[in-house]
Amino acid sequence: MRHDPGRLLALLLLAAMPAHAEEAPPGASGCLGCHSPMRTDAAMPSLRGRDPAEVAGALRAFREGTRPATVMDRLARGFTEAESRAIAAWVVR
Amino acid sequence: MRLTRRALAGLLATPALAQAMPAVVVIGGGFGGASCARALRRNGLAVTLVEPNATYTACPFSNAVIAGLRPMERQRFGYDALRAQGITVVHQAATGVDATARRVTLADGSVLAYDRLVLAPGIALRFDALPGYDEAAASVLPHAWQAGAQTELLRSQLEAMEDGGMVVMAIPANPYRCPPGPYERASLIAHYLKTRKPRSKLLVLDAKDVFSKQRLFQAAWAALYPGLLEYVPLSAGGRVTGVDLAAREVVTEFGNHAGAVVNVIPPQRAGEIAGIAGAADRSGWCPIDPGSFESRLLPGMHVIGDAAIAGAMPKSAFAANAQARVCADAIAALLRGTPVPEPRLLNTCYSLVAPGYGISVAGVYRPAEGVLADIPGAGGTSPLDAPASVREAEAVYAEDWFETISADAFG
């Protein structure tokens, strides 16, 4: 074991940091592979700032096959309603 | 008192604390490594990226470059955005890893200590797998399976070929980088020949009978390239077993095939440093824990992207980027001492069979029985009977995805 006070402080601060991992529900970070929050001119739109209920509704419609889709129907079927709602709440931030 | 994340990150960025922070070293600056370095940094960690090249040349869309549909410049990316984010970028090759002492040795002899190491070395081409096909042969009969000079060589050979010339492609057995990539390449070379050298032919020799998006590719070939593209699967003698460099021929059990242009995609394994570090098993690839991407062989070391054995997930840039985020969050949790959440991962791979004609395969994955497994009912390919408007939309999305993924990885 190394006993470095600065290091110990850093580890304590790290432990106190709001955890990215805890904030992102399973699968949510994968959305960013196509839906970039940084791009404004994208064909696959940014979801930042959207109404989470609207995003959750879209995921439900994709999952149930009631909304026309290319890949979103295939991806949305990998998640339950509860999981989709959690993803929607995270991805609009 | 409650510290905001930004205030905390600012505090952690002070020099004394930055030195004391747990150190994460990432080896490999492709889509997996660059994305992971950025995600680790967003988690407030001290990150060093080790990558010998100052410029990265991307493989996705390099088939369009080969077919003359896209300038090479659009494949190139630098690391300035990573530096601006506070990541230390070291343009050296990693030459050694001591997993016990947790140290990486670089080509100039310097040493980096780490608390966690991420290997994202991509692939190495197996120049011992096909007799006659070594590195020297590849300068005549390009593989173009690592983008850069090889991409430009294949492009220039196609341009120089006379109308009426024969193009031969050899495709390996699984697993290899980018499962649908060879078939996209065959499609776009066929498009180039059809529009520019219509008396030419393309012979595609495959070491397997079943491949990604097969029915979609074969339907498109029948519609777009009849009589031009001939596909020979394993069961019809398609497996290439060697190369006769002097004759510009590939060898199969049923005879040799000569080409004016010969593109040999050889078998592959994880990038060299994975073997040097001891993270690769006898298959040549790296077994990992599907929740954290930590090596099954060496604790403290994680492997992402093409080098990893990721179960049902393909070796794709999309998968590498998705794994990078999950791995970064897992490392942050491990360093905090909190449980690693069970991840869910996505993949979408687009292929172009012609300009404005895109097709895709998608999947959703989770750990099951020690591997990343497909979630039943999710994923799959574009419909076989989709109208032209869907093919056009998927071609647009393919390009859009490339813009997004390269912005996420390289800024």
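This is a predicted model: local features need pLDDT of at least 70, side-chain atom pairs count only at pLDDT 80 or more; totals for chains, interfaces and linings use all residues.

Colleague: Which residues of H3(A) are buried?

Modeller: They are Val55(A), Ala56(A), Ala58(A), Leu59(A), Ala61(A) and Phe62(A). The word buried is used for a relative accessible area under 20%.

Colleague: What pattern does chain A follow along its sequence?

Modeller: The pattern is α-α-α-α-α, and chain A has five helices and zero strands. Of its 93 residues, 47% are buried. The accessible surface of chain A is about 4900 Å², with 59% of it belonging to carbon and sulfur atoms. Among contacts in chain A with a separation of 6 or more, 59% are between residues 24 or more positions apart.

Colleague: How many helices and strands are there in chain B?

Modeller: Chain B contains twelve helices and 25 strands.

Colleague: What makes chain B as compact as a globular protein of its length?

Modeller: The globule rule gives 22 Å for 411 residues, and the radius of gyration of chain B is 22 Å, close to that value; therefore chain B is as compact as a globular protein of that length. Along the principal axes, its C-alpha trace spans about 75 × 45 × 40 Å. Buried residues account for 58% of the 411 residues in chain B. Its accessible surface comes to about 15400 Å², and carbon and sulfur atoms hold 53% of that.

Colleague: How far apart are the mean positions of the positive and negative charges of chain B?

Modeller: There are 36 positive and 36 negative charges in chain B, and their mean positions are 5 Å apart.

Colleague: Why is Trp145(B) called buried?

Modeller: The cut-off for buried is under 20% relative accessible area. Trp145(B) has 5%, so the term buried applies. This residue lies in the loop between H6 and H7 of chain B. Leaving aside neighbours within four places in sequence, Trp145(B) has contacts that include Cys59(B), Ile123(B), Leu125(B), Tyr176(B) and Ile265(B). The C-alpha atoms of Trp145(B) and Ile265(B) are separated by 6.6 Å, although the two residues are 120 residues apart along the chain.

Colleague: Ala144(B) lies in the loop between helix H6 (135–138) and helix H7 (149–160) of chain B. Is Ala144(B) buried or exposed?

Modeller: Ala144(B) has a relative accessible area of 2%, so it is buried. Its phi is near 50°, a positive value in a residue other than glycine.

Colleague: Why is Arg102(B) called partly exposed?

Modeller: Partly exposed covers the range between the buried limit of 20% and the exposed limit of 50%. Arg102(B) has a relative accessible area of 27%, so it is partly exposed. Leu234(B), at 36%, is therefore partly exposed as well.

Colleague: Where is Leu234(B) found, and what is it in contact with?

Modeller: Leu234(B) is in the loop between strand E13 (229–232) and strand E14 (240–244) of chain B. Beyond its neighbours within four places in sequence, Leu234(B) contacts Asp206(B), Ala207(B), Lys208(B), Asp209(B) and Arg239(B).

Colleague: Which peptide bond is cis, with omega near -5°?

Modeller: That is the bond from Asn174(B) to Pro175(B). Pro175(B) lies in the loop between strand E11 (166–171) and helix H8 (181–196) of chain B.

Methods: Residues are numbered from 1 along each chain as its sequence is written. Chains are lettered from A and ligands numbered from 1 in the order in which they are written. Side-chain values use heavy atoms; hydrogens and water are left out. Helices (H or I, at least four residues) and strands (E, at least two) are DSSP runs, numbered from the N terminus. The radius of gyration is taken over C-alpha atoms; the globule rule is 2.2 Å times the number of residues to the power 0.38. Buried means under 20% relative accessible area, exposed over 50%, partly exposed in between (1.4 Å probe, protein chains only). Accessible areas come from the Shrake-Rupley method with a 1.4 Å probe; for residues, only the protein chains shown count as cover. Lys and Arg count as positive and Asp and Glu as negative; His and the chain ends are not counted. The place of a charge is taken as NZ of Lys, CZ of Arg, CG of Asp or CD of Glu. Contact means heavy atoms within 4.5 Å.
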